[in-house]
Amino acid sequence: MKTRQFYLVLCYILCSFGAVSNATNVEGPLWPISGSEYGSGIIGKPQQYIGNEQLLSELFISAPEGTVVVSPADGKLSFFSICCYRTLQYSISFNEPGLTFDEMYELAIKEEEQTGVPAKYYSGSITLILADGRRLHISGLRGSKIFKTGMTISAGDTLGTVSYAYKAFEEPHIELSLSTRDGKIDDVMSFLGLESTFVASDYKRPEHFSRSEAEEDLDVLLKSYKECYPSLDEIVTEEQFSAFKDSSLNLIGDGINYDDLYMIVRSSTSARLAHDSHISVLDENPLRAKINYFPHLLLEILNGEVFVARAPRELEHLIGKRVAALDGETAEDIIDRAGSYLTLYDLENRSYRDMLALTASNFVYNFDYSKPRTSRIEFTDGTLYTDEWSRYSVSYVPVVGENTAYVRNLKRNYFNNYTFEHLNDSTAFFSLATFDLNRVELDAIRDSIIAISGIPNLIVDLRNNPGGSIEVINELLSYFLTEPSVPLNSYKKVNSNTTYESFKYSNNHSKDEIMFGDYVPIKDEDGYYLFPESPAIIIPDSLVNYPGRLYLLTDETSVSAATDFPAKIVRNHRGVTVGRETGSAYHFITAEKFVDIILPNSRIQVRIPLIKEVFEDLVTERTPMGRGLMPDYEVPLTYEEIYTSPDDFILNKALDLIRDGKYLGENPFPIETEPQKHVLEEVWLILGILAILSISFAIFLFMKRRKPIN
């Protein structure tokens with residue numbers, strides 16, 4: 001250790017622990033981030049979900065890049081390497097004895113293309129064997145220290161500096177985890193003396209809950225929706241809310257098993273209550289693991305009809321037949337019941353619900369695949385079919401796979417966030433799989449746009465795009481807008497600007513945390529609001545700007561930022577959309593910040609968004625309230641697109657429009673809305689003041705430079 005570093009660490013320990021001279025005598029572990037308050041900077045902890053991955057034992061702590069990281073406890077160095085995590089459960093290590101982390105890093109990042117992990121997230125990792133035999137793992141390190149396996153590490157020794165441990169986090173951070181002597185995951189939070197969220201790997205949820213336990217979970221869930229979710233009044237009335245609670249209590253009865261309680265919780269995120277593209281149950285549906293029997297006919301829903309979508313080869317002649325009733329339940333009732341199960345859609349969105357209905361026969365069969373079953377199907381032509389379900393998996397036709405463009409599109413950008421192609425001399429194709437792009441990717445996109453700037457037509461494919469960063473949206477908009485963007489009435493709304501009582505059940509926020517202290521109330525309105533200081537005006541990039549025609553491909557899989565981006569293109573009358581309604585709503589989404597609520601008895605986790613983000617409040621025929629961004633040129637969803645056809649119907653429609661010269665019509669939006677008028681008045685006022693000041697300053701200089709006449 002360098003002398004200066006030694007004294008810095010020593011001074012920190014002396015100040016923090018009452019002039020104790022030997023770090024190894026300190027009671028309890030040290031906080032690994034040197035100079036930081038104990039317990040500060042936690043950005044991820046056990047049971048929390050990061051995207052779709054659940055943290056089991058990992059603890060992530062953020063700090064400025066380059067901050068010194070010290071050993072929390074005494075131990076012997078068991079292992080060290082540069083590692084990169086492709087997932088939380090799968091990592092690749094690079095080890096060169098005798099080299100520092102910094103030196104190993106330079107060698108390891110040469111493998112970046114093979115691992116698919118950005119070089120930023122290659123970091124030093126060490127494993128310490130503690131006095132009791134447990135192993136402490138720390139990653140996210142850089143530094144110039146040389147390690148040797150077997151060397152003694154003392155509490156307070158410098159291990160390196162803060163870097164980046166895992167790709168799910170943008171800010172610099174380290175990761176800690178703990179394992180037992182025999183390699184099982186252990187509780188690193190308790191080891192560090194923190195209030196723990198860790199659940200042991202051998203933990204088993206109870207199979208049954210008393211009425212009081214289930215009622216407590218339901219009460220916590222419903223109160224969390226009311227307190228945390230600012231868009232609840234937009235999608236459910238008080239009467240509907242009360243009806244959901246009453247029906248759920250009836251289902252609970254004198255007690256309930258885990259599977260049925262899970263389905264009640266899941267139904268709260270469906271059309272029955274708080275449906276939203278950003279509300280979800282984080283735990284896996286237990287019924288998915290209990291598929292033991294299989295129907296021979298898979299029934300789906302399209303255009304208000306129930307029909308046979310797939311069947312074994314010997315029953316292929318039944319595919320396409322319309323169903324009048326299933327086990328005595330009419331097709332109309334089946335459609336209503338299935339519709340109540342649908343989740344992950346905003347407001348009155350239709351496209352996403354249509355896609356779900358066409359691809360999820362489990363809604364039709366009420367999720368019941370666990371036991372022997374006989375289905376009686378009556379077709380609209382009067383014929384009957386009795387389906388004795390199979391104990392073994394059924395080979396259905398058509399086989400859904402690479403033969404359909406819909407599936408190919410899902411996989412096209414699996415390993416690439418974007419692609420550029422020249423379709424012909426007059427048309428280029430830009431597929432964008434996410435708006436979470438790093439600087440290297442954005443620079444490469446800039447270069448590609450420059451390269452195709454002379455091509456008159458550009459198709460931008462935003463299908464299968466889950467969204468991402470507003471900063472990336474704005475930068476990309478600057479490449480495509482040819483005039484400064486239209487100012488909009490945008491704002492954010494939350495339910496509280498102090499604490500949330502529900503956060504005591506959260507695993508990603510503290511019950512004392514104040515997240516929205518800068519939001520303010522508005523007279524005669526509920527909630528708290530944050531308005532931009534001025535409308536966000538996007539200025540076209542002066543160096544990189546595509547001047548040609550824009551055709552944006554959207555459908556039910558274009559959500560969040562992938563709705564916002566084409567919405568701003570359309571709102572500025574800069575391009576057209578081709579395909580279907582976007583998955584997220586046009587006027588607002590509820591997202592950005594989330595709380596993950598763990599129900600106290602079942603431990604089921606529900607993610608609830610906290611911020612209502614209003615894009616604009618102007619409702620027009622082009623942008624009806626409650627819907628996603630509607631297409632300028634619609635391509636309806638069909639059975640063939642999902643199940644049988646190799647043709648990309650939406651892309652082909654865009655190519656037909658280009659061939660026929662069809663593009664923008666009249667601008668459907670008011671040329672000058674009230675917000676714009678006020679902005680223009682303010683701009684002219686500012687320009688007038690600047691002009692007066694300039695003239696005054698010029699007169700002052702002129703008078704100063706005049707020589708007096710003798």
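Tutor: With pairing: two strands pair if DSSP finds at least two bridges between them. Strands (E, at least two residues) and helices (H or I, at least four) are DSSP runs, numbered from the N terminus. This is a predicted model, in which local features need pLDDT of at least 70, side-chain atom pairs count only at pLDDT 80 or more, and totals for chains, interfaces and linings use all residues. Residues are numbered from 1 along each chain as its sequence is written, and side-chain values use heavy atoms, with hydrogens and water left out.

Student: How do you know that β6 and β10 pair?

Tutor: Strand β6 (residues 75-87) and strand β10 (residues 152-153) share 2 antiparallel bridges, and the requirement is at least two, so they pair. Gly75 stands opposite Ile153 in β10.

Student: What joins β6 to β8, and what joins β6 to β7?

Tutor: Strand β8 (residues 123-129) runs antiparallel to β6 with 7 bridges, and Lys76 stands opposite Ile129 there. Strand β7 (residues 90-94) is also antiparallel to β6, with 5 bridges; Ile82 has Phe94 as its bridge partner in β7. A hairpin of 2 residues connects β6 to β7.

Student: What makes a set of residues a nonpolar core?

Tutor: The members are buried Ala, Val, Leu, Ile, Met, Phe, Trp, Tyr and Cys residues joined through side-chain atoms within 4.5 Å. Buried means under 20% relative accessible area, exposed over 50%, and partly exposed in between (1.4 Å probe, protein chains only). The largest core has 85 residues, of which Tyr225, Leu297, Leu299 and Ile377 touch the most other members. Helix α5 (residues 211-228) gives the largest share, 7 residues. A second, separate core of 43 residues includes Ile449, Tyr551, Phe565 and Val635.

Student: How do you know that the length of α7 is close to what is expected?

Tutor: The expected span is 1.5 Å times one less than the number of residues. Helix α7 (residues 238-252) has 15 residues, and its first and last C-alpha lie 21 Å apart, against an expected 21 Å.

Student: Why are the buried residues of α7 said to lie on the same side?

Tutor: Phe241, Phe244, Ser248, Leu249 and Ile252 are buried in α7. They lie on the same side because they cover an arc of only 130° around the axis, the arc being that of the directions from the helix axis to the C-beta atoms. On the other side, Glu239 and Asn250 are exposed.
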